[in-house]
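Here are my notes for your first read of this model. Keep the 3D view open and take the points in order.

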Amino acid sequence: MADIDTAKVVATLNRILEAELAGVVRYTHYSFLVFGYGRIPIVSWLRGQANESLMHAQHIGEWITTLGAYPSLAIGPLLDSHVTDIATMLRESLGAESGALELYRDLLKLVEGRHVALEEFARQTIQAEELHASEVDKMLRKPGELAPVSRTAG
Ligand SMILES: [Fe+2]
């Protein structure tokens, strides 16, 4: 097995860490702003997403120190568009999630065939993130509508 380019892998892991930490803040923030009849299940779904982002961030941070590097304390971009309607929140989070998915794909390219455990981690996380994106996409469809709102390539 060829060696990984540790500097490049760590740089990508740090960008993913920042994106996941931004997800924790973003989902938590959205969860405060849900009003109306659907509030209770939507708030709990948003907080579940915040927890999942935190779990991903923790896994990534552990990988960074496993590779002997220093985890970033920065946080990815956050836009405060003062949205309180759920469709806009979901569209914004779908956009941010597809950015994170790209980073996981970059990670996969860097470790594929070179580091079994990191490759496995990248693949599993890509699968989880894609399922999550498809869930959001389905929430954005009108009842009875089959066509995806967005397309995420496998
Ligand atoms: Fe994630």
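1. **The fold.** Start with the secondary structure of this predicted model: the protein has four helices and zero strands. Going along the sequence, the pattern therefore reads α-α-α-α. The radius of gyration is 16 Å, close to the 15 Å that the globule rule gives for 154 residues, so the protein is as compact as a globular protein of that length. Along the principal axes, the C-alpha atoms fill a box of roughly 55 × 35 × 20 Å. Of the 154 residues, 39% are buried.

2. **Confidence.** How far does the predictor trust its own model? The average pLDDT of the protein is 92, and 97% of the residues score at least 70. Confidence is highest in helix α2, with a mean of 97, and lowest in helix α3 (residues 86–111), with a mean of 93.

3. **The iron ion.** Which protein atoms are the donors of the iron ion? They are E20 (OE), E20 (OE), H56 (ND1) and E129 (OE), and they lie 1.9 to 2.5 Å from the ion. Along the sequence, the spacing of the donor residues is E-x35-H-x72-E. E20 belongs to helix α1 (residues 6–31) and H56 to helix α2 (residues 39–66); the two are 36 residues apart, so this pair links distant parts of the chain. Both E20 and H56 are buried.

4. **The geometry at the iron ion.** Why is the arrangement called irregular? The four donor atoms subtend angles of 55 to 145 degrees around the iron ion, which makes the arrangement irregular. To count as tetrahedral, four donors need all angles between 85 and 135 degrees.

5. **An aromatic pair between α1 and α2.** The count of aromatic pairs comes to two. Y27 lies in helix α1 and W45 in helix α2, 18 residues apart, and the pair links distant parts of the chain. Is Y27 buried or exposed? Y27 has a relative accessible area of 0%, so it is buried. Have a look at R26 as well: its charged end sits over the ring of Y27, 5.3 Å from the ring centre.

6. **An aromatic pair between α2 and α4.** W63 and F121 also form an aromatic pair, and this one is tilted: the centres are 6.4 Å apart and the planes make 45 degrees. W63 is in helix α2 and F121 in helix α4 (residues 116–140), so distant parts of the chain are linked here, 58 residues apart. W63 counts as buried because its relative accessibility is 18%, and F121 counts as buried because its relative accessibility is 12%. The cut-off behind both calls is 20%.

7. **Two residues of helix α3.** R105 is placed in helix α3, and it is buried because its relative accessible area is 17%. R105 and L73 are 32 residues apart in sequence, and their C-alpha atoms are 22 Å apart in space. L107 is also placed in helix α3, and with a relative accessible area of 0% it is buried. From L107 to S72, 35 residues apart along the chain, the C-alpha atoms are separated by 16 Å.

8. **Two partly exposed residues.** Where is G113 placed? G113 is in the loop between α3 and α4, and its relative accessible area of 41% makes it partly exposed. The C-alpha atoms of G113 and W63 are separated by 17 Å, while the two residues are 50 residues apart along the chain. K138 is found in helix α4 and is partly exposed, with a relative accessible area of 48%. Between K138 and S93, 45 residues apart along the chain, the C-alpha separation is 13 Å.

How values were computed: Residues are numbered from 1 along each chain as its sequence is written. This is a predicted model: local features need pLDDT of at least 70, side-chain atom pairs count only at pLDDT 80 or more; totals for chains, interfaces and linings use all residues. Side-chain values use heavy atoms; hydrogens and water are left out. Donors are N, O and S atoms within 2.8 Å of the metal (3.2 Å for Na, K and Ca); water is not among the atoms, so sites may look incomplete. Four donors count as tetrahedral if all angles lie between 85 and 135 degrees; four count as square planar and six as octahedral if opposite donors are over 155 degrees apart and all others between 65 and 115; anything else is irregular. Buried means under 20% relative accessible area, exposed over 50%, partly exposed in between (1.4 Å probe, protein chains only). Rings of Phe, Tyr and Trp (its six-membered ring) pair if their centres lie within 6.5 Å; planes under 30 degrees apart count as stacked, over 60 as edge-to-face and the rest as tilted. A charge sits over a ring if NZ of Lys or CZ of Arg is within 6 Å of the ring centre and within 35 degrees of the ring normal. pLDDT is the predictor's confidence in each residue, from 0 to 100. The radius of gyration is taken over C-alpha atoms; the globule rule is 2.2 Å times the number of residues to the power 0.38.
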